[in-house]
Amino acid sequence: MPKIALGPCQYFWPREQTETFYARIAETSADIVYLGESVCPKRRELRPEDWIALGRELAAQGKEVVLSTLTLLEARSELGMVRRLCDNGEFRVEANDVAAVQMLREHQLPFVGGAFLNIYNPESLRLYREQGMFRWVMPLEMGRDSLGALLADYSAADVETEVFAYGRMPLAWSARCYTARYHDLPKDQCGLRCIEDPEGIPVHTRDGELFLNINGIQTQSGRVTNLLPEWQNMADMGVDVLRISPRPEGTAERIEALAAEMRGEQGAVAAMSEGEVEDCNGYWFGQAGMQVVRE
Amino acid sequence: MELVCPAGSLPALQAAVDNGADTVYTGLRDGTNARHFPGLNFTPEKLRRGIDYAHRHRRRVLMAINTYAQSSGWAQWTSAVDHAADLGIDGIILADAGLLEYASRTHPNLPRHLSVQGSATSTEALQFYQELFGIRRAVLPRVLSLAQVTRLAEDAPVELEVFGFGSLCIMAEGRCLLSSYATGESPNTAGACSPAAHVRWSELDDGHLESRLNGVLIDRFEPQERAGYPTLCKGRFTVGEHTGHILEEPTSLNTLDLLPQLHAAGITAIKLEGRQRSPGYVAGVTRVWRQAIDRCLRDPGAYRTDPDGNVVLAGFSEGSQTTLGAYHRSWQ
């Protein structure tokens, strides 16, 4: 049975909201919880030490805790933040940039390879495996057939495969902060305005189609990818972990629905997905990511 | 300081050489490189002729093999690497870790550059690629400020190449899925962004012109407005009450003004974007940059940007405007 993981929170929430959120997550059936700031180094409601302390609480409640590093690195100070996580000595780390991989391999520490390491073929998977990667997160734009071909080719069972199965997808990363640009503020005086939007800011086309979602320097999908109905197919293919990405509402319930269905309660996931007009699943079926494919 | 110029055809390659490129970068006519556009790029035979031409003029030719090898077509990517070696190319530009490993093992004497698509922005990342694959050079993503580029150059373990001019990717290269989200094809997987096969133009009854990408409305132009190619990140969208260029305007990068600083920082090479552009573009931008680099090298302290050069470059730019992009902190 695949494990259920909660990905790192991509949004910037007030500290109290974050603490309340993870207290609720602690009570769920999630097996793995990824913690930490993976988007913007200026978001410091929780500092690395706070995330590690939170990790201890979750670990005490039986969760596998993984610390996620920043994805786009620019300043030396940001490398320092990454190093602090890599050197934590307690929890394993999700490397979202090759710089983190380098730090971890220097210390011969096992790590999770984040989706933006861009592992698209078995040779790259093998290479990162040799550097200490024990689990990899499939690139978001990869589909069922490509993953199947990759896993069939790789054949060894020495690395776990994780799929981003639910949430707004991170699609792009930029030096520019689009939230600050929207508020007409310079990035260096952004006032951390992204804290006002617990789920980012929707971007519509001029004919009213929900398209993208602005989240600071990250651009997300406007639609929410929902591959949870595919969990059994994924399990059959050899997917080890399904990732659910935090949303302000309904995350714990969704984890429970998936867990219930995995326990044999048929229809739990479908019931949760019913009436969701913002869902998409195109990437998984080899289509444009924003498409909705019904098989 | 080396001038690295684009070529998507043999005439463009010759134009680059004739107008002062030190190095020309190219790609094969398939999905192994990030400018996989219909009718563009080289067959191995055409590339052989291009390499002959460049070598006769004592210039170098590189081949970009900088998409990510898809699991179903590994042999296509390795064969591109083998082709490059057979043709006697002067170096290959790669992003995929597995392919870098293949190239370093199979053709250890063929110089390897890390593509901008490899997204390396730090000393640690450069060390990773240098230690594992022996890269000689890395092309930096267009996300670093001038101060950050300068800082990185201080302890980079490899040569650094930066973009000087051309269409501006506003997202970290190699980490942008916007195109596949809308069309199913991205730079990483298919070597294309906002691919032309998905573009539809339609003129409305009231004279407005609409551009769509796989059905998604990217822009709508006033009757007299100049309509640009619907590159996804440069479209006009609505956020809250505001409609406009939410991500970026149609504009090109131009760093002529920064040449002395880039030179002082120890940047090895300046890259011009535009393998998809015409031989006329390649000739024009190469000439401007050749002159600028020569003047900068002669006397960096006295260097001033030639206004005429800027006019030429603006004429070749998206929306006829240029920006310093992320090099300038205020753009961010």
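A polar contact is a pair of N or O atoms within 3.5 Å; within protein, one must be able to donate a hydrogen and the other to accept it, and residues adjacent in sequence count only if both atoms are side-chain atoms. This is a predicted model, in which local features need pLDDT of at least 70 and side-chain atom pairs count only at pLDDT 80 or more, while totals for chains, interfaces and linings use all residues. Residues are numbered from 1 along each chain as its sequence is written, chains are lettered from A and ligands numbered from 1 in the order in which they are written, and side-chain values use heavy atoms, with hydrogens and water left out.

**Helix H4 of chain A**

- At the start of H4(A), the backbone nitrogen of A:Ala99 has a side-chain oxygen of A:Asp97 within 2.7 Å.
- Helices (H or I, at least four residues) and strands (E, at least two) are DSSP runs, numbered from the N terminus.
- H4 of chain A spans residues 98–106, and eight of its nine residues are buried, so the rest of the structure largely encloses it.
- Buried means under 20% relative accessible area, exposed over 50%, and partly exposed in between (1.4 Å probe, protein chains only).
- Among the buried residues of H4(A) are A:Gln102 and A:Arg105.
- The cover over these residues includes H3 (76–86), E4 (92–95), E5 (111–113) and H5 (122–130) of chain A, together with H5 (123–133) of chain B.
- A:Gln108, with a positive phi near 50°, follows H4(A).

**Domains and nonpolar cores**

- Chain B is assigned domain 1 (2–168 + 251–331) and domain 2 (193–244), with bounds from an automatic or database domain assignment.
- Taken over C-alpha atoms, the centres of these two domains of chain B are 30 Å apart.
- A nonpolar core is a set of buried Ala, Val, Leu, Ile, Met, Phe, Trp, Tyr and Cys residues joined through side-chain atoms within 4.5 Å.
- The largest such core has 206 residues, and A:Tyr22 and A:Trp136 have the most contacts inside it.
- Helix H10 (residues 279–298) of chain B gives the most to this core, nine residues.
- Both domains of chain B give residues to this core, so it lies between them.
- A second, separate core of six residues includes B:Val4 and B:Leu62.

**A:Thr225**

- A:Thr225 is in strand E10 (residues 218–226) of chain A and counts as buried, at 4% relative accessibility.
- Leaving out residues up to four places away in sequence, A:Thr225 is in contact (heavy atoms within 4.5 Å) with residues including A:Phe164, A:Tyr166 and A:Cys280.
- A:Trp284 is 59 residues from A:Thr225 in sequence and 9.4 Å from it in space, C-alpha to C-alpha.
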